[in-house]
There are 2 protein chains.
Amino acid sequence: MERLGRHLIIELFDCDRKIISDLNTVEDLILEAVRISGATIVESFFHLFPPNGVSGIVVVAESHFSIHTWPEYSYAAVDIFTCGDSVDSRKALSFLKQSLKAKNVSMMELERGPTGPARISDTDPDVMA
Amino acid sequence: MERLGRHLIIELFDCDRKIISDLNTVEDLILEAVRISGATIVESFFHLFPPNGVSGIVVVAESHFSIHTWPEYSYAAVDIFTCGDSVDSRKALSFLKQSLKAKNVSMMELERGPTGPARISDTDPDVMA
């Protein structure tokens, strides 16, 4: 049995509320994060939920990126699910941490595949820095 | 701090290869699972990756459902991320287990929100049955 997918479960805390409230800004930043990671965009969809939460999904050739924001909590939930070894999810995460101005980050990394979910790590000092 | 989201990380093993290879079938079943859960569909997108892997995303008012299938391993990765208490994710999972004819299931339930990811449970006897 082999690992097929790598899934980063990311919580971005104390984000800039204005940034994560704006549909176009969130869309631009997630798409840029996808590009930075090296993933191949297949389709994307972003939606503003009144008053100001944003949900966005990018289907990539390597699986998907998603974001859901709760500006009232300065919080964004991001998932980066990729297969193969060509995508650098950590680069995407670093970019999002900076661009959403998150002061704190929590990250859990899971392996996905025929063996079932396995937790690889909960934190990443490079990312938390 | 409160729980905003509930995220089911689901591995479906030993699925019917023909079912999880077919784009239209996977789309129909996931959309039916969303309806069964009580979630509200905002947008959906499904894509066939040659030769026969399917990726699908449904953005719902309560967050998202996703599926990625690897028919060569009889395996499907499903995520059900919901907020609020109106969606019954377990019903959706039970339906998918049956309709994809998964002989085995692994499930991890995470809380998502300003407090960070917390693992609630790894297994559910009702689901595994």
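A salt bridge is a side-chain nitrogen of Lys or Arg within 4 Å of a carboxyl oxygen of Asp or Glu. R90(A) belongs to helix 3 (residues 89-99) of chain A and E109(A) to strand 6 of chain A, so the pair ties together parts that are 19 residues apart in sequence. Helices (H or I, at least four residues) and strands (E, at least two) are DSSP runs, numbered from the N terminus. Salt bridges that share partners join R6(A), R90(A) and E109(A) into one network.

The other link of E109(A) described here is a salt bridge with R6(A), in which the closest N and O atoms are 2.0 Å apart. Because E109(A) lies in strand 6 of chain A and R6(A) in strand 1 of chain A, this pair ties together parts that are 103 residues apart in sequence. E109(A) counts as buried, at 1% relative accessibility. R90(A), at 30% relative accessibility, counts as partly exposed, and R6(A) is also partly exposed, with a relative accessible area of 27%. Here buried means under 20% relative accessible area, exposed over 50%, and partly exposed in between (1.4 Å probe, protein chains only). Over all chains, a search of the whole structure finds 10 salt bridges.

## Basis of the description

Residues are numbered from 1 along each chain as its sequence is written, while chains are lettered from A and ligands numbered from 1 in the order in which they are written. As the model is predicted, local features need pLDDT of at least 70 and side-chain atom pairs count only at pLDDT 80 or more, whereas totals for chains, interfaces and linings use all residues; side-chain values use heavy atoms, with hydrogens and water left out.

## The contact between the chains

How many residues does each chain give to the contact? Chain A gives 40 residues and chain B gives 40 residues, where contact means heavy atoms within 4.5 Å. The area buried between chain A and chain B is about 3200 Å², and carbon and sulfur atoms give 72% of this area. Buried area is the accessible area (1.4 Å probe) that two parts lose on being put together, summed over both. In chain A, the residues that lose the most area to chain B are F45(A), Y73(A) and R112(A), together 16% of what that side buries. Y73(A) is found in the loop between strand 4 and strand 5 of chain A and is partly exposed, with a relative accessible area of 30%.

Between chain A and chain B there are 14 residue pairs in polar contact, both residues being at pLDDT 80 or more. A polar contact is a pair of N or O atoms within 3.5 Å; within protein, one must be able to donate a hydrogen and the other to accept it, and residues adjacent in sequence count only if both atoms are side-chain atoms. On the side of chain A that touches chain B, at least two residues each come from strand 1 (5-13), strand 2 (41-49), strand 3 (53-60), strand 4 (63-70), strand 5 (75-83) and strand 6 (104-112) of chain A. Strand 5 of chain A supplies the largest share of that side, six residues.

## Salt bridges across the contact

The count between chain A and chain B is four salt bridges. One of them joins R112(A) to D79(B), with the closest N and O atoms 3.0 Å apart. R112(A) lies in strand 6 of chain A and, at 1% relative accessibility, counts as buried. The side chain of R112(A) also makes a polar contact with the side chain of H7(A), at 2.9 Å.

R112(B) forms a salt bridge with E11(A), the closest N and O atoms being 2.8 Å apart. R112(B) lies in strand 6 (residues 104-112) of chain B and E11(A) in strand 1 of chain A, so the pair joins two chains. R112(B) is buried, with a relative accessible area of 1%, and E11(A) is buried, with a relative accessible area of 0%.

## Aromatic rings

The structure holds four aromatic pairs over all chains. Rings of Phe, Tyr and Trp (its six-membered ring) pair if their centres lie within 6.5 Å; planes under 30 degrees apart count as stacked, over 60 as edge-to-face and the rest as tilted. The ring centres of F13(A) and Y75(A) are 6.1 Å apart and the planes are at 25°, so the pair is stacked. F13(A) in strand 1 and Y75(A) in strand 5 of chain A are 62 residues apart, and their pair links distant parts of the chain. Ring pairs link F13(A), W70(A) and Y75(A) into a cluster.
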